[in-house]
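Have the sequence handy as you read.

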Amino acid sequence: MQALAERLDEWLRGAQVESVEPLGFAALKTVVPSPDSLVGLAVQSVGRRAKYLVFTLDGGVRLIVHLSQAGRLDVESPPKRTRPKGAAVRVRFDGDRAMLVREHGTERKVAWWVLAEGDDGPLEGLGPEPDSPEFTDLIEHATDKRRVHTLLRDQRTVAGIGRGYADDALHAARISPYATLASLTGEQREALLGAIRATLADALEGERKRSGGLSEPKLGDRFVVHNRHGTPCPRCGETLRRVSYEAYEITYCPNCQTEGKVLADRRMSRLVK
Ligand SMILES: [Zn+2]
């Protein structure tokens, strides 16, 4: 999202909205202000907060887009008139430009919001960004009793990491996904912080090599261990394993992260009982 926001900022800063065409019913999450109220406003900046794209327009009005897992964003120059399957909204700008937000597949829906100045909408309550001093302080000092994987995924604790990067960062730091933050030594906490920063920096570097919108599947194949269970650990060669936890699949290396221990699959043991 960060790299996409950077490209959109370069492409759209100063552009004036000519029209906003909702193309799907469910995706727009706000009623007031109306999408039409954006017409005539210029884009002051495009940024990212957590996994949201934030378009700030004149007067502090914001257009927020959440692409979720299956969302795509096409940039069109000149604008098209098509209405592809899964289309959510097309915003046309002056200079013969448009962006089309659409979704590919059905499971996770794209969403967008039009927010008046001062309304945070879905951004309200989001935790600090991973590169902020607040987050550093949390990892270094907090005695949070939650499991680290749960904590890293919780957008109210830290915004924008998600389960894929949580898997990769814990693997890089050699920490069990079932360890609680409170149980970590100072050394492990520093390793975790370093691993999170390195994981996110690598991902951003990869994404910055793209151009245009986001028409191809996101990331996916860039993860080091996430979703790679059954393949050898890139560090030690042990077979990576997965465990179901809180409706998520966590990938980990038993050799690097859990001292050889295979983590109990809670969902499976519940079914077996
Ligand atoms: Zn390993």
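How are the donor residues of the zinc ion spaced in sequence? They follow the pattern C-x2-C-x16-C-x2-C.

## Before we dig in

Keep in mind that this is a predicted model, where local features need pLDDT of at least 70, side-chain atom pairs count only at pLDDT 80 or more, and totals for chains, interfaces and linings use all residues. Residues are numbered from 1 along each chain as its sequence is written, and side-chain values use heavy atoms, with hydrogens and water left out.

## The zinc site

Four cysteines hold the zinc ion through their SG atoms: Cys233, Cys236, Cys253 and Cys256, at 2.2 to 2.4 Å. (Donors are N, O and S atoms within 2.8 Å of the metal, or 3.2 Å for Na, K and Ca; water is not among the atoms, so sites may look incomplete.) The arrangement is tetrahedral because the four donor atoms subtend angles of 100 to 115° around the zinc ion; for four donors, that label needs all angles between 85 and 135 degrees.

Cys233 is buried, with a relative accessible area of 4%, while Cys236 is partly exposed at 34%. (Buried means under 20% relative accessible area, exposed over 50%, and partly exposed in between, using a 1.4 Å probe and protein chains only.)

## The largest pocket

The largest pocket holds about 1400 Å³ of space. (A pocket is an open set of points on a 1 Å grid over the protein atoms alone, where a 1.4 Å probe fits, with protein on both sides within 12 Å along at least five of seven lines; lining residues have an atom within 4 Å of a point. Its volume is the space filled by probe spheres set on the points, which are joined across faces, edges and corners.) Its lining has 45 residues, and Lys51, Gly160, Ile161, Gly162 and Tyr165 lie nearest the centre.

Helix 5 (186-207) is among the helices that each supply at least two residues of this lining, and its six residues are the largest share. (Helices are DSSP runs of H or I, at least four residues, and strands are runs of E, at least two, numbered from the N terminus.)

## The second largest pocket

This one has a volume of about 240 Å³. Of its 12 lining residues, Asp168, Thr199, Asp202, Arg222 and Val224 are the closest to its centre. Helix 4 and helix 5 each supply at least two residues of the lining.

## A buried arginine

Arginine 72 is found in strand 5 (residues 71-76). With a relative accessible area of 6%, arginine 72 is buried.

Key: Tetrahedral: all angles 85-135°; square planar, octahedral: opposite > 155°, others 65-115°.
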